[in-house]
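The sequence and structure come first.

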Amino acid sequence: MLCTVVCQMSRSDPKLALSQEVIVCPARVFLLELIPLDAKNVASAATIAPKGLSPETSRVTLARWHLKNANNVTCVSIVAPTLHWRCVTMTRSRFLQGNEACALGGIAAGALFFAGYPISPATEIAELCSNLLPPKGGIYIQMEDELASLAAVVGASLSGMKAFTATSGPGFSLMQENIGFAIMSEVPCVIVNVQRFGLGTGIATQPGQSDVMAARWGTHGDHSIIALVPASVQECFDLTIEAFNLAERFRSPVVVLIDAIIAHLRETVRIPEQVNKIERIRPSGPIEGFQPYAPEENLVPVLPNYGDEYILRVTGLVHDQYGYSSANPDVGGQLVGRLIDKIELYSHELPEPEYTGPEDPDVVVISYGISARSALSAAQRGGRQGLSIGVLKLKTIWPFPEQAVTRTCARASLVVVVEMNKGQVLREVKAAGITRAIGLNRTDIRVIMPGEIISFVKERCSCAGS
Amino acid sequence: MKEWQILLSGSGGQGLGLAGRILATASLHEGLNATQSQSYGARARGGYSESGVVLSSRKIIFPLIEQPNLLLVLTDKAYQKNLNSQTNLVHVVFDSDNVAMSSGQKIYGFPLARWAGELGNEKGVAILSLGVITTLFGLVKSENIEKAIAENLAPTLLKPNLSCFRKGLEVVKCQGLTPINDPA
């Protein structure tokens with residue numbers, strides 16, 4: 001499939017925003033003119049847009065819906081509200097495994113460095129990187145273990161390269177020390193964790209979704225972290241790119257939490273020729289007296305690379321704005337506070353959860369990864385049986401999207417969190433104030449099937465149809 | 001078109017994963033949507049193995065096999081695993097030399113592994129089965145399967161696997177079986 005999508009956005013004139021979507025493909029030319037927001041369009045936007053979103057966002061969602069449903073054109077443009085223009089050229093549609101899409105996403109985002117210790121079910125990411133990176137002038141290193149893997153990634157990133165690693169639960173445990181180091185020393189990097197079942201070494205290759213809390217709190221000390229959860233092979237590609245962009249934007253490690261099912265599933269992926277990339281900002285100004293850790297207005301510092309003319313001191317110890325270690329209580333308190341705030345105060349920039357379902361559902365199912373695919377199928381099938389189920393599919397899992405969750409669940413009589421663990425996200429939903437939420441959990445390597453979700457809902461919902 | 005949930009089951013080394021991938025990519029050439037999953041790890045190197053393919057003209061929401069409506073069974077173990085419960089399977093294609101079917105479902109038995117062996121390509125049994133399945137159920141055009149075989153195999157392996165696939169096609173035609181076009 002070869003087609004080009006051109007999206008026009010104008011911030012100066014909201015009425016014109018996304019007024020035209022032009023899709024050119026070999027066989028035909030589409031011009032999707034978005035009609036002004038009349039009652040009918042608002043209604044149709046509301047059915048597909050997450051609740052509580054602004055009409056502007058709904059229009060973007062509506063445009064995406066039009067694109068998805070246009071015959072032979074299934075590309076979706078991700079339109080950032082801050083962009084005036086965005087041009088995406090779709091050149092290829094490939095049938096890929098989740099892991100392959102993840103590796104290709106990293107490379108598309110500009111990664112030229114991968115260091116890792118292959119482990120199933122993440123092995124294909126290392127394998128593909130070992131094939132693809134060297135011909136591009138990039139570097140692939142098979143390290144002696146996962147501690148060294150992330151250490152190498154941190155080093156590469158400090159020297160200016162976009163770098164990533166991929167592992168599974170056992171390796172993720174070994175990486176925790178260096179994740180903390182990367183957060184403390186503000187090193188952008190991406191860690192892909194293809195979750196397998198269990199603690200310890202679990203069951204190799206079999207799926208689980210039980211590293212959610214390990215991603216959040218695996219490393220010691222107060223901190224914030226960004227973690228994304230793909231639910232399709234396309235999202236493995238898209239969210240890995242997003243992870244690299246967020247790593248640069250926030251100067252922080254970003255975790256991509258895939259589950260073994262999505263990682264090994266094959267689906268069609270649309271790979272654009274160009275993707276939206278955030279490149280690293282380099283400092284300017286006098287070298288004398290330069291304070292690398294002095295934050296900008298958004299609380300993120302502009303750090304030089306190793307080898308630049310600026311001096312960069314890197315330490316896992318509490319440090320002042322020059323990078324000198326410090327035991328000063330004020331310095332320690334402010335640094336830890338800033339490292340948290342630079343992410344938490346800007347969490348609205350992270351990928352929003354996607355709501356699918358009726359406007360006022362009786363039941364809201366919150367899920368992610370392969371379990372979200374089951375939930376979506378259950379909601380569709382349940383709808384035919386008279387059940388009113390909406391699904392909130394998470395894309396960002398950390399920081400937890402509390403506001404979207406509380407907004408979506410506000411009026412639902414039943415809130416079910418579907419996940420392949422003992423209730424790790426359920427805790428967060430309850431902590432967000434939805435104390436009536438209940439969990440549909442499974443921890444036995446078997447995927448939670450759509451039929452199981454329907455039965456679960458029927459048993460517990462007095463509002464359930466026949 | 002209703003959604004096809006096709007489960008190819010047998011033992012590791014029979015090429016079930018590859019056959020699933022070929023079927024899925026062939027259906028993409030016809031403008032259908034497809035997803036493919038397969039058993040992974042130790043299973044893939046012997047013992048029970050399976051590959052699932054979902055085909056649909058619509059967007060596929062749940063990508064795995066929940067209730068297969070077309071099942072290929074190449075070994076007795078696969079039969080025990082997939083047909084011993086109260087499964088409500090619609091169509092079953094099985095290896096008549098290796099599986100003792102006792103089910104009253106709509107079944108089609110052929111000595112699939114023996115034929116592949118006679119063609120000197122025992123590992124081509126899943127691809128031979130694809131020939132049977134695609135003709136019997138009208139899933140995708142045979143030329144698209146052949147195109148997908150070429151895309152998924154090294155050139156040196158192309159000829160023996162194409163002959164397996166064509167053998168599967170011929171068998172159904174020779175037996176005068178009429179294609180079934182929709183999963184019930």
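## Terms

Two residues are taken to be in contact if their C-beta atoms, placed from the backbone, lie within 7 Å. The model described here is predicted.

## Helix α13 of chain A

Helix α13 of chain A spans residues 424-431, and its buried residues are A:Q424, A:V425, A:L426, A:E428 and A:V429. Several elements of chain A cover the buried residues of α13(A), including the helices α7 (212-217) and α12 (402-409). The strands β14 (363-367), β17 (414-419) and β18 (438-441) of chain A are also among the elements in that cover.

Just after α13(A) comes A:G433, whose phi is positive, at about 110°.

## Contact between chains A and B

On the chain B side, 14 residues are in contact with 19 residues of chain A. Both α1 (16-29) and β2 (33-38) of chain B supply at least two residues each to the side that touches chain A. The largest share of that side comes from α1(B), with 4 residues. By residue class, the side of chain B that touches chain A holds 7 nonpolar, 5 polar and 2 charged residues.

## Confidence in chain A

Chain A has a mean pLDDT of 84, with 80% of its residues at 70 or more. Over residues 1-62 of chain A, pLDDT stays under 50, and the model has 102 contacts beyond four places in sequence for this stretch. Residues 65-90 of chain A also have pLDDT below 50, with 55 contacts in the model beyond near neighbours in sequence.

Where pLDDT is low, predicted coordinates should not be read in detail.

Definitions and conventions. Residues numbered from 1 in each chain as written. Chains lettered and ligands numbered in written order. Predicted model: local features only at pLDDT ≥ 70, side-chain atom pairs only at ≥ 80, totals over all residues. pLDDT = per-residue confidence, 0-100. Nonpolar A, V, L, I, M, F, W, Y, C, P; charged D, E, K, R; others polar. Buried ≥ 20, exposed ≤ 12 C-beta atoms within 10 Å, placed from the backbone.
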